[in-house]
Amino acid sequence: MKLVIDGVEVYYNSIPALRGASFEAQGGEVVAVIGPNGAGKTTLLRAIASIVKPLRGAIYIDGRLVNSVPPKERGKLIALVEPSISRSIPSSVLEFLLTARYPYSKLYSFTPSKRDLEVIDIIAKKLNITHLLNRRLDELSSGEFQRVLIARALIQEPRVLLLDEPTAFLDIKYRLEVMELVRYVTKEQRIISITAIHDVYLASLYADKVVLLSNGVIVAAGKPEDVFREELIENVYGVKVQILNIGDRRIVIPIQLLNNGQPT
Amino acid sequence: MAISIYETKLRNFLIFFSLLTLLTVALFVVHISIGPAMIDPILVFQTLFGLSPNPQKVVVNVVSLRLTRALATVLTGAALALAGLLMQTITRNPLADPYIFGLSSTALTFVALGVIFAPSLMVYRHYIIAVAFLGALSGYILTALLSRLGGGSDISMVLAGIAVASLFSGLSHVLLYIVQSMLRSPYVYFLLGSTTTVLQREIPLMTELLAVSTFASLLLIKPLNAYLYGDSYAKQLGFEPKYIRYVGAFIASLLTAVIVSYVGIVGFVGLVAPHIARFLVGSNHLFSMPITILVGASIALAADIIVKLISMYVGAIAELPLGVVTSIIGAPFLAYLIIKRLRE
């Protein structure tokens, strides 16, 4: 299991969103993508998921060019959890989760298989959402909704799990819980998980590999100790940070804005 | 847990499907039995299904005369309901309906223009349907563009639709008034939403087009289910949202066009039926689509029964159009949905 991102460039209406992005990840690795707003985190994930087409560069999973994989096949390889989904037409949690099994169903079979429902049951139990299955999506709390979104991606049983801000709107307990879960699934199933995250502190708690983006360019990518360096983070974010060594982890704590706390 | 919930859903669907089928048949029989000469519904039922022990000639004749209108009403309700469901899904807007979004009015305007400028072509239903289809599609595109200018929210789409619908319904009435002088048929009868004008030989084509559209929609069930949750979500599961939108708009426009070119404008069935269906069986199109069709047929039949009763008791010359009654039922429902939406 290996993901290679090689010189990917993405433009939105001729404005560069991602330039020459390259990095690699192995099965079982928790990758965190960090960087300020508009740095290209979401674009990077969307490019890997083939939602946006890169102008240049290529993405390979185990040597297969992702863009040339048939769309349905791709659904078994990659799942992207976006911060939200459309909920304007009311539907239940189970109805939503069932759609995640479509890449595995035959073209003209309309009812879910026994295995589809079993997978849903197992994941639902793991994420503690079994009691929510019959509820409507628009009646869930943010924490419940976020767990349902992640459950969907896991039910899709992807080889590469992409998460875009999975911890936004969550309280501290659920933030840790979500990240623990991502790490657990990544290790257990030897998949690759790539999480775009604002919270540098949270990233430093869980990541095996960190990708630091700034203005569409990967400034640094590698082991946490190579990326979580004070001068690097301060340069990119304009925030003074302190790095604590707790256990074998380097934890990043934002302290104050640079230039003496005056907002720029 | 998931298994038992799904099984309950499936069972609910089967129950509601049978109940609604029974309701549709019952309304269909009652619809035929009502008229200047009242016929016992049981006799109607026996005659319709060939169960009558000793068929009376009078009953058979009356039933066969009234059958066309009843069938046309069923087809109208079913087609508009399906069009409404497709539109609500492809716009992800629970307020969508072929009438509210202006498809019906633009289709009717195009038909009227066709009759005025190429009367010899409009003799053929195929051409009328084709012209109405182009009209409906233009109406949809116009509403979509207008709402995008207005920010693209749910409500802006409804407002854009109402603007388009009002403009073209006014326009179509003026044009139909002109048409009337050419065709020498009473103005109120011509395509203003009455199923009385449909002829027996027109039923087969209506049925075929509806059947094809329904079949095409059934093939779309999974893409539509995935599409509900967003464009990039559908894309991840291997469905191209753009094509779902195109195909959905195509089928919805075709269905609207068929009804407009045979019956005229009947509003709100497409709004109400999908809501009732989702309330009963949820949003999975596998369940909601057949239920929507049955609910639509029932609503249209019930509304047309009211039309028949009103005209019998008032005794005016022509009958009310079906569209008038569905508007009276549907518009308050729209108001309720808008209020609910704005409060959120």
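Tutor: Chain B comes out with 13 helices and 0 strands. Keep in mind that this is a predicted model, where local features need pLDDT of at least 70 and side-chain atom pairs count only at pLDDT 80 or more, while totals for chains, interfaces and linings use all residues. Residues are numbered from 1 along each chain as its sequence is written, chains are lettered from A and ligands numbered from 1 in the order written, and side-chain values use heavy atoms, leaving out hydrogens and water.

Student: How do you know whether chain B agrees with a compact globule?

Tutor: Set its radius of gyration, taken over C-alpha atoms, against the globule rule of 2.2 Å times the number of residues to the power 0.38. For 344 residues the rule gives a value near 20 Å, and chain B has 20 Å, so the two agree. The C-alpha trace spans about 60 × 55 × 35 Å along its principal axes.

Student: What does Ala83(B) touch?

Tutor: Ala83(B) sits in helix H3 (residues 57-90) of chain B. Contact means heavy atoms within 4.5 Å, and leaving aside residues up to four places away in sequence, Ala83(B) touches Pro98(B), Ala252(B), Leu255(B) and Thr256(B). For chain B overall, take the contacts with a separation of 6 or more: 76% of them are between residues 24 or more positions apart.

Student: What makes Arg69(B) and Asp304(B) a salt bridge?

Tutor: The rule asks for a side-chain nitrogen of Lys or Arg within 4 Å of a carboxyl oxygen of Asp or Glu. Here the closest N and O atoms are 2.9 Å apart, and the pair qualifies. Arg69(B) is in helix H3 and Asp304(B) in helix H12 (residues 285-314) of chain B, so the bridge ties together parts 235 residues apart in sequence. Both partners are buried.

Student: How many salt bridges are there over all chains, and which residues in chain A join into one network?

Tutor: Arg101(A), Arg115(A), Asp116(A) and Glu157(A) form one network through salt bridges that share partners. Within it, Glu157(A) pairs with Arg101(A), with the closest N and O atoms 3.1 Å apart. Glu157(A) lies in the loop between helix H5 (142-155) and strand E7 (160-164), and Arg101(A) in the loop between H3 and H4 of chain A, 56 residues apart.

Student: How do you know how big the interface between chain A and chain B is?

Tutor: Buried area is the accessible area (1.4 Å probe) that two parts lose on being put together, summed over both. Chains A and B bury about 3,200 Å², 63% of it on carbon and sulfur atoms. Ile89(A), Tyr102(A) and Phe110(A) supply 23% of what chain A buries against chain B, more than any other three residues. The contact takes 42 residues from chain A and 34 from chain B.

Student: What charged pairing crosses that interface?

Tutor: The rule finds 1 salt bridge there. Glu95(A) pairs with Lys9(B), and their closest N and O atoms are 3.8 Å apart.

Student: Which element gives the largest share of the side of chain A that touches chain B?

Tutor: H3(A) does, with 5 residues. By class, that side has 21 nonpolar, 13 polar and 8 charged residues. Ala, Val, Leu, Ile, Met, Phe, Trp, Tyr, Cys and Pro count as nonpolar, Asp, Glu, Lys and Arg as charged, and the others, Gly among them, as polar.

How values were computed:
Helix = DSSP H or I, 4+ residues; strand = E, 2+ residues; numbered from the N terminus. Buried < 20%, exposed > 50% of the residue type's maximum accessible area, 1.4 Å probe, protein only.
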